[in-house]
Amino acid sequence: LTFETLLKAELPVQVHVTGALSALFIGLILMAAPKGFGFHRTLGWAWVIAMTVTAGSSFFITGIFENAYSPIHALSAWTLLGLPFGIAAARRRKIAQHRQQMTGMFIGAMVIAGLFTFLPGRLMWDLFFTL
């Protein structure tokens with residue numbers, strides 16, 4: 001594990017990776033911890049902020065298709081639109097809907113999209129697997 005590749009990356013990439021790793025770790029804690037308590041709410045807001053930073057910063061990264069957006073940017077837009085709906089569901093006490101929306105975003109944005117960042121030649125591959 002070397003951070004040299006990340007430190008050499010452009011600022012939007014550094015912000016994106018920091019947000020994504022924060023959202024991943026916070027999300028894992030949220031999935032495992034008891035729900036409905038102040039701890040869940042506090043970590044939930046931290047997760048929403050980390051997801052917003054991650055999704056928002058992705059629009060400043062266009063390296064896959066030169067200077068154009070890639071299909072993964074649709075997932076970022078979906079995340080930015082979906083977060084308020086997940087929050088609204090919790091506020092309306094529609095807990096099953098809240099759980100479904102937030103879990104869907106975690107799996108879609110963190111797990112599925114995250115796996116693509118570990119393809120050979122991508123930054124996360126270099127960060128974790130290049131000697």
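What covers the buried residues of helix 3? In this predicted model, the cover includes helix 2 (11–32), helix 4 (72–91) and helix 5 (95–116). The buried residues of helix 3 are His40, Leu43, Gly44, Trp47, Val48, Ala50, Met51, Thr54, Ala55, Ser57 and Ser58. An α-helix has 3.6 residues a turn, so residues three or four places apart point the same way.

The length of helix 3 was checked against its residue count. Helix 3 comprises 21 residues, 38–58.

Threonine 54 belongs to helix 3. Its relative accessible area is 9%. Buried means under 20%, so threonine 54 is buried. With neighbours within four places in sequence left aside, threonine 54 contacts His16, Gly19 and Ala20.

Aromatic rings were examined next. The whole structure holds 4 aromatic pairs. One of them joins phenylalanine 59 and tyrosine 69 in an edge-to-face arrangement. Their centres are 5.7 Å apart, with 90 degrees between the planes. Phenylalanine 59 and tyrosine 69 both lie in the loop between helix 3 and helix 4, so the pair ties together parts that are 10 residues apart in sequence. Phenylalanine 59 is partly exposed, at 26% relative accessible area.

Phenylalanine 118 and phenylalanine 129 also pair edge-to-face, at 6.3 Å centre to centre and 65 degrees between the planes. Phenylalanine 118 sits in the loop between helix 5 and helix 6 (123–129), and phenylalanine 129 in helix 6. The pair therefore ties together parts 11 residues apart in sequence. Phenylalanine 118 is partly exposed at 30% relative accessibility. Phenylalanine 129 is partly exposed at 49%. Ring pairs link Phe118, Trp125, Phe128 and Phe129 into a cluster.

The largest pocket has a volume of about 1,000 Å³. It is lined by 38 residues, with His16, Ile72, Ala113, Thr117 and Arg122 closest to its centre. Helix 2, helix 3, helix 4, helix 5 and helix 6 each give two or more residues to this lining. Helix 5 contributes the largest share, 7 residues. The lining of the largest pocket divides into 25 nonpolar, 11 polar and 2 charged residues.

The second largest pocket has a volume of about 730 Å³. Of its 24 lining residues, His40, Arg41, Gly44, Ala90 and His98 lie nearest the centre. Helix 3 gives the most to this lining, with 7 residues. The lining of the second largest pocket comprises 11 nonpolar, 8 polar and 5 charged residues.

Conventions
Residues are numbered from 1 along each chain as its sequence is written. This is a predicted model: local features need pLDDT of at least 70, side-chain atom pairs count only at pLDDT 80 or more; totals for chains, interfaces and linings use all residues. Side-chain values use heavy atoms; hydrogens and water are left out. Helices (H or I, at least four residues) and strands (E, at least two) are DSSP runs, numbered from the N terminus. The expected span of a helix is 1.5 Å times one less than its number of residues. Buried means under 20% relative accessible area, exposed over 50%, partly exposed in between (1.4 Å probe, protein chains only). Contact means heavy atoms within 4.5 Å. Rings of Phe, Tyr and Trp (its six-membered ring) pair if their centres lie within 6.5 Å; planes under 30 degrees apart count as stacked, over 60 as edge-to-face and the rest as tilted. On a 1 Å grid over the protein atoms alone, a cavity is a set of points where a 1.4 Å probe fits but cannot get out, and a pocket is an open set with protein on both sides within 12 Å along at least five of seven lines; lining residues have an atom within 4 Å of a point. Grid points are joined across faces, edges and corners, and a volume is the space filled by probe spheres set on the points. Ala, Val, Leu, Ile, Met, Phe, Trp, Tyr, Cys and Pro count as nonpolar, Asp, Glu, Lys and Arg as charged, and the others, Gly among them, as polar.
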